[in-house]
Each structure stands twice: as C-alpha cells, then as structure tokens.
Amino acid sequence: MEPEHGVYGNGIIGVASDPVTKAAKLVDYYGPSNAAWLWKRDLDMQVSCAIFKYKGKELMVDAGKECVMYLMDTDSIGGDDHRTPLHRTPLYCNEEVNFASAGVWGSLATWEDARGTRWVLSPFWGPKHSKFVAPIENGVVKKGAVVAFKVTEKAGKPTLVPAWISRDMDRAEPPVIANGVVFAYGSGEDTDQAAYDIGLEYNSAEQRIKHSTRAVLYALDAQTGKELWNSGDAIASWNHWSGLSIANGRVYLSTFDGYQYCFGLTNSSSFSLGQTAATKGGK
Amino acid sequence: MKTILAAILCCGLCVSAVSAQFRSTNDWMTENADAQRTATVRTDPVINKDFVAQPGNLKFLWKLKLKNQPNQLNNLSSPATLELLIGYRGFRMLGFVAGSGDNLFTIDTDLGRMEWEKKLKAAPAVAPSTLACPGGMTTGVVRPTVSAISAPRGGGFGGGRSTPAVSTVGESGAGATTLSEVRGSGFSPPPSALPSDKSGPKTPPMGGVFGGGANVIYALASDGMIHAMHLSNGADFHPPVRFLPAGANAHGLIIVDGMAYAVTTNGCGTVPNGVWSLDFDTQKVSTWKGNVAGSAGAAFGPDGTIYVATNEEAPGAPAMSPAMSIVAIDAKTLQTKSVYTASRIFVSTPVVFQHQGITLIATVAIDGAIYLLDAANMATALSVSPATAKGAAPSSLASYVDAGGTRWILVAHTGALPSGFSGIATQGAILAYKISEDGKLVAGWASRNLVAPLTPTVINGVVFATSSGEFKTQDSKVTAARSGRAVLYALDGATGKEVWSSGSTITSFARGGALSGGAGQLYLTTYDGTIYAFGHSIEH
C-alpha cells in the first residue's frame, strides 16, 4: 500500500467509469493502517465487499486473511486519511497468522431481519481467535465457522457488534441467507499450501485432492447460529470455492467430482431438508 | 481438470512468493553472521545511518525469558535468523536460539512469540562442569551457508517482505509486466532442495525456489551428536549423527559448502583441541589438531579455505599444527596449506574479506596487535598494527566496507584507549581501524566508554556495540554476582559517534558472541536467559 507511488496492494479501491472516456477511474481507496504487516505475512485483502443500506447511508463491509472485518461508508471508505474506516472489529480468527487455511476467504453476506436489524456474516477458516467472544457460541471451532455481527449505532456511529458464532465447519465457505435461515457449508477442501518438510512443494493439485474430504451443508438459525439441520454424509466429495445457491426452496451445491447436489424441503411442518437429486455433470 | 485446478489452487499466494526462504544477505546464518566471520549484515531493508539517527525509530520491541538451564556462565546463543519462511504455519521471520541445556528455541521475531521449542536428547555429561569446560551445548544453532561471498542485494524483493512489494503494474493496454522485468537480469535461483530422507545424512539443503523443498537448521548437542532439523517445526531432517566426542567444548559450528565444521578448545574431556569436519555424504569425521584461538570457530575464504589462528602449542599436535600462527587449511582434507607464524600468541578468530580484489585475513594477538595477511601469500604480514595492551584483545572481530568504499576492522577493546586513538573511554571501547590505500592498518575512531564490550555487529553500515556489563573473573559465581547490566549502542560507522542507546531496558549482563540481527531487528541474549529484540516497529 503506497498510494503515493500508485500501489494499492492490501487495500480496497473504488473505481468509477468515466462518463466520457468510459475508462475506469480511481475514485477512492482504503488501506488498513497495518497494511505493511498484511503484506509481510501475506494476509491479503482478498474478500469481495458487501454493500447495504443502513439508516440512509450506504455502508460496505470487507475482510481478509488477517481476520478482521472493516465497516466503511461508501462516501469515503477510508476517511480523510484513507486509513480510517468507520469501524474495525478485533481479530476473530487466524491467531496463528497463517496465509493459508486461516482467515476470511471468498466473500461476506448481509441481510436485514423483520425487526430491521442489519446483520453481517463472515465465514472463516481455522480456529476462532482465543480472545474473541460472541454472546452466543455454538461449540468449539477448530476448522472454521460463520460469525455474525449486528450493525449497531454507538455514539452516532455505526459499528459491528458480535452476535453469534456457528458450530465448527471444515473450511466454512460464504453463507447464503433465505427467509431467516442461514445456509452455510464446510467445503472439506485441503487448503494447506505448505508442509513442514517440503515447504510450498506441497501446494499441488495431487497433494490437495488427496487430502480433501467431503463438503457438509448446514442450515442455521439466523438469530442464534444454532444448527437446524446438516447434510451428514450425503455429499461424497469436496469443493473449491464453488459457492452455494438457493432458489424456489432448493439449495444447490456442486462438488469436485463433477456432481451437483440439490437439497429441498421434504416436510413443511418442521425444518427438514432432503436430498432431491445429485446430478453428474460433464460434457 | 487437474491442470485447471492446479492453476486455481495457487490463488491466495501472491506472485511475490518468489521471495522464498533461500539465503538472504539480510540473514545471520552462523556465529558472527557468515562464513568469513565478519559479524556484518551488509544490507538491510530498514536499518541505515539516517534511520538510526532519527529519534524514536529504533525501539525496544520485545523480550522473552527462555526456559534453559545455564552451564557456568553459558546460557543462550545469539540467534541465527531467517528473514522469510513460507511455512506450513504461515509467513514467518524467525530467530533460532541455542540454550546451553541442549534446548532449541525458534522465535517468531515479528511478534516475539515462540514458534517451537525442543530439547535435544543427549547422553548425560560424564565430566564435572568447570568454567573452562562448562559442558552443555556450547555453540549456536546455524543455517547452512556457502563460502562464496555474494554481491550485496537490497532488502525486499528476493530477500523477504520487510519492504513494500515491488509493483508489477504496467502501462494501460500494454499487458502485464513480468517478474523478470521486476527482478532485473541479475536474479538467479538458489540450488534446489533435496527431498527429506530418514535413511541417513544428506548434503544440507539450501531451501528451494518458491519456498519449496526442505529448509534445515543444525545444532551440536552436548554429547557431540549433530542434529539436522526442519526449521519450520524442529522435526528431524535425518537422524542425529556423531560429529564430536562427548564433552567437547565446541565453538563456531558452521555448515558450509555441504560440510559441518567446529572448533574444540580447552582440552575438555578427552577431546583433542582443533578443527573438526563432518562430510554429510560419507559421514567421515576429520580432525586438524591445534590450539585454535578465538570464540567464533574457523573462518572461510571465498574459495572454501579454512583459516584459523593459534595460541600455544597443542600437546600431541603434529608438526604442521604450529602455535602462534595463522594457518590456512584445506576444507576437504583438513591438511595444512600455508602458515604464517608470529612471535606472540593469537587470541581471535580471524576475519576474512576481499579488498581491492585480494582476499585478506585479519586477526589479533594477545597484546592487541592486529595482523593483516594476504591469503595468497602468507609468508609475511601486510601490516601489523601497534600493540595496545596485554589482555585487551577480543576473541573475534568485525569488518565491513562503508558507503565510500573504506574497509574497516572493528576491535572490542578492553581497558583504556591505546595511543593513536582519542576519546573518553576508560574501561573499554570499540576501536576502528581502516585499511589505507597502501594496504596498511590505520587507527580510525574509538567509541564511547564500554564495559567489557562484545564483538560489535555491523548492519548496513551502522555499528552496534554492546557494553556487556560483565565483571570478568575466573569464578562464575563471582562474575554473576558482580556484573552489571548490558547496554546496546548504535554508532556512526564513519566516526564512532553514539547515535542511539538501549538505556536501562536490559537488566542483566551479556557475554559470548556478537549480538545478531538483520531485516530491521537486533537480538541480544543475556546471562539471565532473556532474549531482547530492538528495531523497527510496524503495526500488527
């Protein structure tokens, strides 16, 4: 992050299309005050931002492998010095300061409940940070989880307040919210990129495929993070950033072995999902 | 599909992973930094004269009390360092410390946090501990290095992540810039690593390109077994190998050009004094017998030749192991190649450097006179500086070249300033000699007063001197009771003027080798088992 030299690494940039030339123009940027540390330990800001309305403002959240979440006002994402967001959470994972298999990867999620509470959800990999506490925790987190924050105004300024942490999930991927239910999954992927004896030579498809397991889909109570349902051993393979989608009462997940799984409601009187189809893809 | 996946899997590890954990000129590889024993780190991404002179830049960063049992006055070694490991637990800047109780400590030096620690399994000592033969682990943890003197390389890209990334942003519409454009044409990859093998010793690996391959540290346990361990977690790289007999008083362990070397002194146990080598491929141990002077072991010329200085005649030593000499030894056979004999005993590990295209050797005699020799012609000394005082000379030296090209030799002198030097020091000082255009040793500057100074350390032209606070006696209990506290100073390399001090931060005294450092930090270990870090602070 050296804006004076046109380097915006380990930061967030805003670009807009020039109405005349159509070229993308830099209009704003934010670099965390510890960007040098993020660079040194390879704690990239590699998560897609989420944007939402809050009390007449347009706010944005983002995170990275360091495992803190930033809350920003899109009018000025880093403040006057481009280093000061509205709010920065404490570390909620990656106490080991690892560049792989820890931190936040992929994207965030946000929704507003019926009472008007704005929620922001973050998946993360690896154990929860030992000093991070949420009012509701759903067991020991070793391999990953989803953490939920409420956007709350304090002294006239929006902040992020921890609400709950989900159960342990093996490499929790970006969650999706539908009708007050959070759908999340642990991908089961081996995300390690190095080994103690061969270093980065470990980071090969052969090694990582061999050590990946299976994905598990979870449905969580969006107010508490409590597990409502899981897919058990229905899914036979793992996936790599394939994502989760929901439409018309069905949840879709694809896996590395070329299958697409579809889960849907089988009993309308209680929360119960059943596997409706697993389709092998291919040419 | 596998091809596509392999490409995808690389996401999250930036292109700059090319700056892997191979040998960096910012690293402190072995005792006195390198194979030439210069106690100098030639480049640094942060530390320089201007940085140090700015108040508040150089700070106390952290300290750690390590769980180690001292042997006599020996406690912790100065750490070997690694500016960047891309390891299974993350990107790390590490320091490797040996504890006299056969303990190893690997510290995340960014955070002052223990990465891993290990107690080596060693057979119990059979001889009682004395000041001369303290027992325990007597030499530091080291990383494999080479005897060749590499050209200084700037910090940052290729060495570590202590400086900002080099941008690869190209012109609009011109396509991406390439790594070769960023690096320049001078980049050459390090040797490839060898695969780990449990069956027996292998040539020490140097780490691989893109952080691949094994990366290993070595330690010499109190029972004479040499341990090779993965530096990321301390697991054995290969089983321990017999190097020295048990009970040796070993100094200057170094893994250089695929061989291990150490020096034994004081005739401890039944171990003859001399230079020892271990060929990792054949497991053959060779010995050159002689009373080797100094605390940092043997020094190596850029062609691999070993240089030692000797003090008194060693009982039972062959005729080619002369006393009061500077000796060149073949690194493979340990046969004497050349000898220069003086009329007084030497007390210091030689320092080797290149000056105007010539390899020079410098060492110190017991009266403080520095001897300067041409490695290619050791028949006569090029220059001998005036004697200072008996007992005033140190056990190792430091040497560096300043920005103007002047070659300096630094001496940790004990006692009042000798003639030729001006200043206010009464108990000790760093004396700086420079080599004149006609190849003679000329008095340069003397530092402020220092109590029992350690061998200075030079980082990017800044001289770091340690007032050790040690009250030297022949009784370890008296020394421990009457010693004061160490103070670290930064000195202007051209004038010796004090530009920074650690003040009262350090609470115990220090002894042994030079403090180590590099990549923006300095490390000092003290008698009470504490390691202190000073340097450039970045927000975590």
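Visitor: Which residue of S29(B) stands opposite Tyr489(B)?

Guide: Ser501(B) stands opposite Tyr489(B). This is a predicted model, in which local features need pLDDT of at least 70 and side-chain atom pairs count only at pLDDT 80 or more, while totals for chains, interfaces and linings use all residues. Residues are numbered from 1 along each chain as its sequence is written, chains are lettered from A and ligands numbered from 1 in the order in which they are written, and side-chain values use heavy atoms, without hydrogens and water.

Visitor: What makes S28(B) and S29(B) a pair?

Guide: Two strands pair if DSSP finds at least two bridges between them. Strand S28 (residues 487-492) of chain B and S29(B) are joined by three, so they qualify; they run antiparallel. A strand is a DSSP run of E with at least two residues, a helix a run of H or I with at least four, each numbered from the N terminus.

Visitor: Why are S1(B) and S29(B) called edge strands?

Guide: The open sheet of five strands in chain B has the order S1-S26-S27-S28-S29, with mixed pairing. Strand S1 (40-41) and strand S29 (498-501) each pair on one side only.

Visitor: How do you know that Cys67(A) and Cys93(A) form a disulfide?

Guide: The definition asks for a pair of cysteine sulfur atoms within 2.5 Å. Here the S to S distance is 1.9 Å, so the pair counts.

Visitor: What makes Cys133(B) and Cys268(B) a disulfide, and which hand does the disulfide have?

Guide: The sulfurs of Cys133(B) and Cys268(B) are 2.1 Å apart. The torsion is about -85°, so this disulfide is left-handed. The pair ties together parts that are 135 residues apart in sequence.

Visitor: Why is Cys49(A) called partly exposed?

Guide: Buried means under 20% relative accessible area, exposed over 50%, and partly exposed in between (1.4 Å probe, protein chains only). Cys49(A) has 35%, so it is partly exposed, whereas Cys268(B), at 1%, counts as buried.
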